[in-house]
Amino acid sequence: MRLVPRGRGLRDPNLRDRLYELLEHDPLAYSVGSRFIQLIIGVIVLDVVAMTLASVPELDAQFGALFSAIKILAVIVFALEYVARLWTVAGHTQRGASPLADRLGYVFSALGIIDLMAFLPAGIVLATGRHATLAALGVLPFFKLVRYSPAMRSLLAAIHAERRALIGCVVILVGVVLTFASLLYAIEREVQPDKLGTIPQAMWWAIVTLGTVGYGDVVPVTALGKFVSVFAIISGFAMIALPVAIISTAFAEEVKRRDFVVTWGMLARVPLFSNLSASEIADIMRLLRARTIEQGEILVRRGDAASSMYFITAGEVEISLPSQRVRLADGTFFGEIALLHKTKRSGTVTATRKTRLLVLDAQHFHALIERMPTLAAHVHKTAKARLEETGDLAATELAQAENEDTDR
C-alpha cells in the first residue's frame with residue numbers, strides 16, 4: 001500500500017487525511033498502520049535499552065558510538081513523527097476550530113507533550129555535545145508507549161477518574177504523618193534530640209514507618225515511643241491499601257467499560273440488533289463469549305450443524321462456498337440466518353490471519369428470541385430483508401443448504 005500516489009505530493013488534499021488515519025486511528029492487524037506502530041515501538045524499545053546500557057561505563061566505552069547512533073536515529077524518527085502529527089491534526093478535532101487552534105491543542109495535550117519530550121531534550125543534548133547526559137534521558141521515550149498501549153491508557157484514565165479520591169488519600173496521609181510525627185516529637189525529643197528534636201525530623205520517621213519500609217536509621221527508644229510506632233505501622237498498611245484498592249477497582253472498571261464500548265458499538269451496527277433497546281442489547285452482550293482462532297485454523301466446516309453466530313472483532317475469515325469464496329473482516333458477522341432456519345453450513349470458514357471473535361451460541365440465540373418478542377419480530381423481519389437481497393452471503397448459504405437437504 002502506497003501512502004503517496006504517483007504524481008501527488010504534500011499539496012494533495014487527501015494526503016493529510018490518509019496520514020492522520022495512519023497515525024491516529026487504531027489499525028487492523030497486518031495493515032500499514034499496524035506495521036507503523038510496530039516500527040515506532042521497536043525504536044522506543046531499542047532506544048530505551050541502548051540508553052540503559054550506556055549508563056554502564058564498561059559498555060559505554062566499548063559501544064558508545066553505537067549507542068549514540070541509536071539515539072540519533074530515535075531522535076530523527078520521533079521528530080518526524082511529531083511533525084507529521086502536528087501537520088495532520090488540523091481539521092481532525094471534534095472542536096471544529098481553526099488549523100492553528102487544532103495544532104496548539106495537540107502541542108499542549110498530554111500526548112503531545114510526551115511526543116515532544118521523547119526527542120527534544122535528547123536532540124538538545126546531542127547538539128550541545130554533552131553525550132554523557134543522554135543515558136539520563138533514556139526513560140523519556142518509554143512514555144510514548146502510553147499512546148500504543150490500551151492497558152496504560154486505561155490505567156491513566158482510571159487514575160484521572162479517581163483523582164478526587166486519590167487526592168483525599170494524600171490529604172489523609174499528610175494528616176496521619178503530622179499526627180504521628182508530633183506524637184513522637186513530644187515523646188522522644190529530649191531522648192534523641194539529634195534525630196527527633198524537631199517535627200520535620202520526626203516526619204521522616206513517620207513517612208518511612210507508614211510506608212512500612214522502616215530503614216532503621218531513626219527508631220524510638222522509649223516504651224511509649226515504641227507503643228506509638230505499633231499504631232503507626234498498622235496505620236501504614238491502611239495508607240497503602242486504600243489508594244491501591246481505589247486504583248485497582250477503577251482500573252478493572254475502566255477495562256470493562258472499554259470492552260463494553262467496543263462490544264456495544266459492534267453489536268449496534270449489526271442489522272439484527274440495530275433497532276433494539278439498550279437493555280436488550282445488554283442482555284445479548286452477557287451471553288457472548290470470546291474466541292480467538294489462529295491463521296489457517298478452520299472455524300466451521302461445510303455440512304456442520306449451525307451452532308453459533310459469529311462477530312469478527314479483529315482479523316479476517318474466508319468462507320469457501322461451492323461456487324465462490326467470500327472474505328469477511330473487522331466488524332462483520334455471519335451465521336445468524338443459518339441459526340434462524342436451523343440449516344447446516346454450506347461453506348467452510350477459515351481464518352486468513354489471527355482473528356478474534358465474539359460467539360453467540362445457538363441455544364442462547366433461540367432463547368433470546370423466545371424471551372424477547374421485540375427481538376424475535378426484528379430477527380424475522382431482518383432475516384426476510386436479507387434473504388431478498390441479491391448476492392447476500394446469508395441468502396446464498398441458506399439456499400445452498402436447502403438444496404443439499406433436498407438432494408439428500
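A residue is termed buried under 20% relative accessible area, exposed over 50% and partly exposed in between (1.4 Å probe, protein chains only). The model is predicted, with local features requiring pLDDT of at least 70 and side-chain atom pairs counted only at pLDDT 80 or more, while totals for chains, interfaces and linings use all residues. Residues are numbered from 1 along each chain as its sequence is written, and side-chain values use heavy atoms, with hydrogens and water left out.

Six aromatic pairs are present in the structure. Rings of Phe, Tyr and Trp (its six-membered ring) are paired if their centres lie within 6.5 Å; planes under 30 degrees apart are stacked, those over 60 are edge-to-face and the rest are tilted. For Tyr82 and Tyr106, the centres are 5.6 Å apart and the planes stand at 40 degrees, so this pair is tilted. Distant parts of the chain are linked by this pair, with Tyr82 in helix H3 (residues 57-88) and Tyr106 in helix H4 (residues 99-107), 24 residues apart. Helices are DSSP runs of H or I with at least four residues, numbered from the N terminus. The relative accessible area of Tyr82 is 9%, and that of Tyr106 is 7%; Tyr82 is buried, as is Tyr106.

Tyr82 also pairs with Phe119, with centres 5.6 Å apart and planes at 55 degrees, so the geometry is again tilted. This pair joins helix H3 to the loop between helix H5 (110-117) and helix H6 (120-128), where Phe119 lies, 37 residues from Tyr82. Tyr82 and Phe119 are both buried. Together, Tyr82, Tyr106 and Phe119 form one aromatic cluster.

Methods: Helix = DSSP H or I, 4+ residues; strand = E, 2+ residues; numbered from the N terminus.
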